[in-house]
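Keep the picture open as you read.

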Amino acid sequence: MIEIENVRLRYGAKEILKGVNLHVKKGETLVILGASGSGKSTLLKLIIGLLKPSEGIVRVDGKNISLMTEEELNKERRHMAMVFQYSALFDSMSVGDNVAFGLRMHTNMSEEEIKKVVDEKLHLVGLDGISDLMPANLSGGMKKRVSLARAITLNQDIILYDEPTAGLDPIRSTDISLLIKKMQNELHATSIVVTHDLKSANMVADRMAFLYEGSFLLIGTPGDLYDSSDKRIQQFMNGWPSNDAMKKGV
Ligand SMILES: Nc1ncnc2c1ncn2[C@@H]1O[C@H](COP(=O)(O)OP(=O)(O)O)[C@@H](O)[C@H]1O
Ligand SMILES: [Mg+2]
């Protein structure tokens, strides 16, 4: 479903991704783990075509994202949902208008039909009856739920989550992880979850991939990561302090 082959990405002289290979299968949830600055968000931006690789290929559904025109890309993006780290709701719009935004922009649905979809998606994320509230009246966890509802109005079959539990307390964080699982079960979506919240990663992952300074050190089952003898992976999984010696590797 998503294939990344030998991808390199440079910002000026700085190489952020240094030969990334990753295949995500239809219907699976892959968790990308890695320290801040390792290139996780950059990788998601390549998949939705916000960035183009300096080298290598990104394919979604067998189609090369880099070769698409802006118009083809916009069409392709309609079946991909991106849930950003910060909820990024429009503060001046009600919850209902926020969720309806994509439907108004990309479809010719009537207001009545739009309202039906908005209510259905808010129900899916466990937030019935809050359409008329403004984002300022919501808690952090509720905002994340609304942004998830907004992201999936077009019944996207690929969902990319960028640190979905960042900034939430452990209880809200578990709520969001359960919601991600619910999306898997009800929408059968193919998902990539970028996180450094290991508890959340364990709850949602079919497979995990560990990104380190721009390339994957290991892609495997959660058990493979926990059992890895690579010091850089052990350091992350156990939360050991940073240490320049660690960077030199195993
Ligand atoms: N637009 C940009 N221009 C230059 N450097 C950038 C840009 N965006 C991100 N970076 C750098 O790329 C690296 C990876 O960033 P990012 O993908 O956001 O990491 P992560 O999401 O893993 O924390 C960081 O060192 C960051 O400073
Ligand atoms: Mg990031």
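Q: What makes helix α9 a helix that lies across strands, and at what angle does α9 run to β9?
A: Helix α9, residues 231-238, lies across β3, β9 and β10, and runs at about 110 degrees to β9. Please bear in mind that this is a predicted model.

Q: Which strands form the open sheet, and in what order?
A: Six strands form the sheet, in the order β6-β7-β8-β3-β9-β10, with mixed pairing. From one strand to the next, the twist averages 15 degrees.

Q: Why are β6 and β10 called edge strands?
A: Each of β6 and β10 (215-220) has a single partner strand, so one side of each has no neighbour in the sheet.

Q: How do you know that β3 and β9 count as a pair?
A: Two strands pair if there are at least two bridges between them. Strand β3 (residues 29-33) and strand β9 (residues 207-212) have four bridges, in the parallel sense, so they count as a pair. Within this pairing, Val 31 stands opposite Met 208 in β9.

Q: What makes us say that helix α6 packs on the sheet?
A: Helix α6 (residues 170-187) touches β3, β7 (158-162) and β8 (190-194). The direction of α6 makes about 175 degrees with that of β7.

Q: Why is Arg 172 called partly exposed?
A: Arg 172 is found in helix α6. Its relative accessible area is 37%. Buried means under 20% and exposed means over 50%. The value for Arg 172 lies in between, so this residue is partly exposed.

Q: What makes a cavity differ from a pocket?
A: A probe fits inside a cavity but cannot get out, whereas a pocket is open. The structure holds two cavities of 30 Å³ or more. The largest cavity has a volume of about 50 Å³, and the largest pocket has a volume of about 660 Å³.

Q: How do you know which element gives the largest share of the lining of the largest cavity?
A: Helix α6 gives three residues, the largest share. Among the lining residues are Lys 144, Ile 176, Leu 179 and Ile 180. By class, this lining has seven nonpolar residues, no polar ones and one charged.

Q: Which residues lie nearest the centre of the largest pocket?
A: They are Met 80, Met 82, Phe 84, His 106 and Ala 151, out of 23 lining residues. The lining divides into 13 nonpolar, seven polar and three charged residues.

Terms used
Residues are numbered from 1 along each chain as its sequence is written. Chains are lettered from A and ligands numbered from 1 in the order in which they are written. This is a predicted model: local features need pLDDT of at least 70, side-chain atom pairs count only at pLDDT 80 or more; totals for chains, interfaces and linings use all residues. Side-chain values use heavy atoms; hydrogens and water are left out. On a 1 Å grid over the protein atoms alone, a cavity is a set of points where a 1.4 Å probe fits but cannot get out, and a pocket is an open set with protein on both sides within 12 Å along at least five of seven lines; lining residues have an atom within 4 Å of a point. Grid points are joined across faces, edges and corners, and a volume is the space filled by probe spheres set on the points. Ala, Val, Leu, Ile, Met, Phe, Trp, Tyr, Cys and Pro count as nonpolar, Asp, Glu, Lys and Arg as charged, and the others, Gly among them, as polar. Helices (H or I, at least four residues) and strands (E, at least two) are DSSP runs, numbered from the N terminus. Axes are lines fitted to C-alpha atoms, for helices over the stretch in contact, and angles run from 0 to 180 degrees between N-to-C directions. Contact means heavy atoms within 4.5 Å. Buried means under 20% relative accessible area, exposed over 50%, partly exposed in between (1.4 Å probe, protein chains only).
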